[in-house]
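Please look through the sequence and the model below before reading on.

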Amino acid sequence: MMGLMRRSVLQPLAAQPRVLAPVSLSLLLAWVASMIALPILLWTVGPGALPWAASVTVILQLGCVLSILTQAWAPLALVRTAATVMAAAWLVEWAGSTGGLLFGEYDYTNLFRPQLAGVPLLIPLAWLMMLPPAWAVAQILTRRTSGFAFLVVSALAFTAWDFFLDPQMVAWGAWVWPQGGSYFGIPWHNFAGWLAVTVLLTSVARPQPLPVRPLLVVYTVTWLLQTIGLGVFWRSPGPALVGFLVMGAFVIRCWQTLRSAPEATQSPSAGR
């Protein structure tokens, strides 16, 4: 069974998308434009623009990711995976923010609304926004969509993003760590929690073979935007440098892998 699964992931397929479809490209460009506009809005409109402007960036990036997945997944599979990820993400965030489980003791502020039981609904959307690109990284590097190696690499690729995200959100006042931490105010066990939760969510979601190149574009653009944003606009050069190195290691390795064996990492589109 595992041998058959491995061959199905590695099997070349001419119809496998290698570039962004027009809808996905339009959403990608709109997302990039919204990220560029965010600091401009804060300078011109003021801090009150932050919650809704940041929410727009998440929604546009999520729309881009979901539109990419429609190129390879049946609608029912996409809906089921999205619902599973969002429900599980909300549950672990609720458990973490109310009981200090997994991530340590932290609290959400009222910056992002609406909220469900104290958890901003934007947070599960952000999990869904970045998990498929992390899965694509893992599929490229492991040539699988299941198994221990795939889970570990997915978790590492996803957690690499948090070296940007957590310091940025703390600086914005989206959540607080009462006891602080040694990584720019973030405790290190938070990252262990991210690893564990990503393994859990990926195991539950059971992602199908992915259109890896378009999703890797999203992962790469996220890396670039976060590096420039934190390093230039948000005046957080430390997290910008760490995120640039950690997340960038996955970006560089993935593109090297695709260039050296472009057919080997492509996967068939399938529903389940």
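**Briefing**

Helix 6 (residues 148–172) has 25 residues, which should span 36 Å at 1.5 Å a residue, and its end C-alpha atoms are 36 Å apart, so the two values agree. The expected span is 1.5 Å times one less than the number of residues in the helix. Helices (H or I, at least four residues) and strands (E, at least two) are DSSP runs, numbered from the N terminus.

This is a predicted model, in which local features need pLDDT of at least 70 and side-chain atom pairs count only at pLDDT 80 or more, while totals for chains, interfaces and linings use all residues. Residues are numbered from 1 along each chain as its sequence is written, and side-chain values use heavy atoms, with hydrogens and water left out.

**Overall make-up**

- The protein has nine helices and four strands, and their order along the sequence is α-α-α-α-β-β-β-α-α-β-α-α-α.
- Of the 272 residues, 51% count as buried; buried means under 20% relative accessible area, exposed means over 50%, and partly exposed is in between (1.4 Å probe, protein chains only).
- Among contacts with a separation of 6 or more, 79% are between residues 24 or more positions apart; a contact means heavy atoms within 4.5 Å.

- Helix 6 is mostly covered, with 19 of its 25 residues buried.
- At Phe 163, shortly before the proline Pro 167, helix 6 has a kink of about 35 degrees; the bend at a residue is the angle between axes fitted to the seven residues ending there and the seven starting there.
- Gln 168 belongs to helix 6 and counts as buried because its relative accessible area is 7%.
- Leaving aside residues up to four places away in sequence, Gln 168 touches Gln 226, Leu 230 and Trp 234.

**The largest pocket**

- The largest pocket holds about 600 Å³ of space; a volume is the space filled by probe spheres set on grid points, which are joined across faces, edges and corners.
- A pocket is an open set of points on a 1 Å grid over the protein atoms alone, where a 1.4 Å probe fits, with protein on both sides within 12 Å along at least five of seven lines; lining residues have an atom within 4 Å of a point.
- The lining has 38 residues, and Trp 161, Leu 165, Gln 168, Met 169 and Gln 226 lie nearest the centre of the pocket.
- Two or more lining residues come from each of helix 2 (22–44), helix 3 (50–69), helix 5 (122–142), helix 6, helix 7 (189–205) and helix 8 (212–233).
- By class, the lining has 29 nonpolar, seven polar and two charged residues; Ala, Val, Leu, Ile, Met, Phe, Trp, Tyr, Cys and Pro count as nonpolar, Asp, Glu, Lys and Arg as charged, and the others, Gly among them, as polar.

**Helix 8**

- The 22 residues of helix 8 reach 30 Å from first C-alpha to last, close to the 32 Å expected at 1.5 Å a residue.
- Helix 8 is mostly covered, as 16 of its 22 residues are buried.

**Backbone exceptions**

- Most residues other than glycine have a negative phi, and most peptide bonds are trans.
- Arg 235, in the loop between helix 8 and helix 9 (237–260), has a positive phi near 55 degrees and is exposed, with a relative accessible area of 75%.
- Arg 143, in the loop between helix 5 and helix 6, has a positive phi near 60 degrees and is partly exposed, at 30% relative accessible area.
- Arg 113 and Pro 114 are joined by a cis peptide bond with omega about 5 degrees; Pro 114 is in the loop between strand 1 (107–108) and strand 2 (115–116).
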